[in-house]
Amino acid sequence: PTSAQVSVVPHSERFSYTLDNDLLTTEQRQFYEDNGYLLIKKLVSDEDIERFRKEFMRICKREVNPPGVMIMKDESLKSQFGQSEKVVNKVQDFQEDKELFRYCTLPEVLKYVECFTGPNIMAMHTMLINKLPDSDKQTFVHPMHQDLHYFPFRPASRIVCAWTAMERADQDNGCLVVQPGTHKTTLKPHGYPESEGKRNKLFHGLLDEDKKTPKVHLVMEKGDTVFFHPLLFHGSGINKTSGFRKSISCHFASSECYYIDVKNTSQEHLEKELEEMVRKKYNATSVELKDIWNFRARLVQGQRINL
């Protein structure tokens, strides 16, 4: 239960992207309506962030090995640095790691999530991102993209990402970049960008990005959390510093959302790539996209209905 009492259907035509609640001000709701994101300052405590950082270090050093977790590394640095945070770019699918998964159950996060999803909340996709220093090769740029490209469930407006900065994020170390208002568009075709650098697996980007749409760099302090819509165009730049820019995030969805078939859609090639990766990792003969999401999904509040 949270302090935000939310009705499942917005009764006002004015708000399409948030539900009626007693937490967000009218100004905050209008800002999300217009822009597709909302930044809440100092939402997650320093103490919690420190605990997440320590667990991330344990995973890097292989002191813990949670089942199902996907550790993404820059293989070219492995011989130089071995098993350490200097190699690991991302820890994904940490739903079986009790310490990191605490992030997805924090009451201060869920009370905001409920304003977008309603009371029945599933944690669908988890990531701890450790943006490595990368001044020349641009390996760790994530091109502008829409998160809905990765998700075979709808409706989009009952899905929200919570993204928390684990230290100051700014233009120097590759903060989030958003294009306000783009959440009002449809899902666009995505693919790998034509770039000189090495391509990171599944770092898909918009194939036809409108360069004229203004971009906003989200400068955030430790503990600041941004909530954003899955159709919002966003990405991140390179980390030009010698440090590591960490953030922790979870995509939440109403458990009333439902799975869709992505065959013959712009998401079909992603489905094939993801299924192939999972088959290789688990030596499985057959796996379907819905199975992968069922494996990831966890109920964090209310009732499990469809997802």
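# Close-up views of a predicted model

**View 1. Strand E7 and its two partners.** Ile159, Cys161, Trp163 and Ala165 point to one side of E7, Val160, Ala162 and Thr164 point the other way, and all are buried. The structure shown in this and the following views is a predicted model. Counted over the whole strand, 7 of the 7 residues of E7 are buried, so E7 is described as mostly covered because buried means under 20% relative accessible area. Two pairings can be followed from here. With strand E14 (residues 245-254), E7 pairs in the antiparallel sense over 7 bridges, and Thr164 stands opposite Ile248 in that strand. With E12, the pairing of E7 is again antiparallel and takes in 4 bridges; here Trp163 has Val226 of E12 as its bridge partner.

**View 2. An aromatic pair between helix H5 and strand E12.** Here we turn to the rings. The count for the model comes to 9 aromatic pairs. One of them joins Phe116 and Phe227, whose rings are stacked, with 6.0 Å from centre to centre and 25 degrees between the planes. Phe116 belongs to helix H5 (residues 107-117) and Phe227 to strand E12 (residues 225-228), so this pair ties together parts that are 111 residues apart in sequence. Both Phe116 and Phe227 are buried. Please look also for Tyr32 and Tyr112: ring pairs link them with Phe116 and Phe227 into a cluster.

View 3. Phe153 and Trp293 make an aromatic pair of the edge-to-face kind, at 5.3 Å centre to centre and 75 degrees between the planes. Since Phe153 lies in strand E6 (residues 153-154) and Trp293 in helix H7 (residues 289-296), the pair ties together parts that are 140 residues apart in sequence. Phe153 is buried, with a relative accessible area of 0%, and Trp293 counts as buried at 1% relative accessibility. The ring of Trp293 has a further neighbour to find: the charged end of Arg296 sits over this ring, 4.5 Å from its centre.

**View 4. Arg29 over Phe15.** Arg29 lies over the face of Phe15, and the distance from the ring centre is 4.0 Å.

View 5. Strand E3 (residues 88-92) is mostly covered, as 5 of its 5 residues are buried. Strand E2 (residues 70-73) pairs with E3 in the antiparallel sense over 4 bridges; within this pairing, Met70 has Gln92 of E3 as its bridge partner. E3 is also joined by 3 bridges to strand E4 (residues 121-131), and these two run antiparallel.

**View 6. An open sheet of four strands.** In the order E5-E13-E8-E11, 4 strands form an open sheet with antiparallel pairing. Its edge strands are strand E5 (142-145) and strand E11 (216-217), each of which pairs on one side only. Further in, 4 bridges join E8 to strand E13 (residues 233-236), and the two run antiparallel. A handy landmark is Gln179, which has Phe233 in E13 as its bridge partner.

**View 7. Asp170 in a loop.** Asp170 is found in the loop between strand E7 (159-165) and strand E8 (176-179). Asp170 is buried, with a relative accessible area of 16%. A polar contact of 3.0 Å joins the side chain of Asp170 to that of Arg168. Setting aside neighbours within four places in sequence, Asp170 is in contact with Cys175 and Val219.

**View 8. Asn35 in helix H1.** Asn35 has its place in helix H1 (residues 26-35) and is buried, with a relative accessible area of 16%. Asn35 and Pro180 are 145 residues apart in sequence, yet 4.4 Å apart in space, C-alpha to C-alpha. Once neighbours within four places in sequence are left aside, the residues in contact with Asn35 are Pro180, Gly181, His183 and Leu232.

View 9. The structure holds 0 disulfides.

Technical notes: Residues are numbered from 1 along each chain as its sequence is written. This is a predicted model: local features need pLDDT of at least 70, side-chain atom pairs count only at pLDDT 80 or more; totals for chains, interfaces and linings use all residues. Side-chain values use heavy atoms; hydrogens and water are left out. Rings of Phe, Tyr and Trp (its six-membered ring) pair if their centres lie within 6.5 Å; planes under 30 degrees apart count as stacked, over 60 as edge-to-face and the rest as tilted. Buried means under 20% relative accessible area, exposed over 50%, partly exposed in between (1.4 Å probe, protein chains only). A charge sits over a ring if NZ of Lys or CZ of Arg is within 6 Å of the ring centre and within 35 degrees of the ring normal. A disulfide is a pair of cysteine sulfur atoms within 2.5 Å. Two strands pair if DSSP finds at least two bridges between them. A polar contact is a pair of N or O atoms within 3.5 Å; within protein, one must be able to donate a hydrogen and the other to accept it, and residues adjacent in sequence count only if both atoms are side-chain atoms. Contact means heavy atoms within 4.5 Å.
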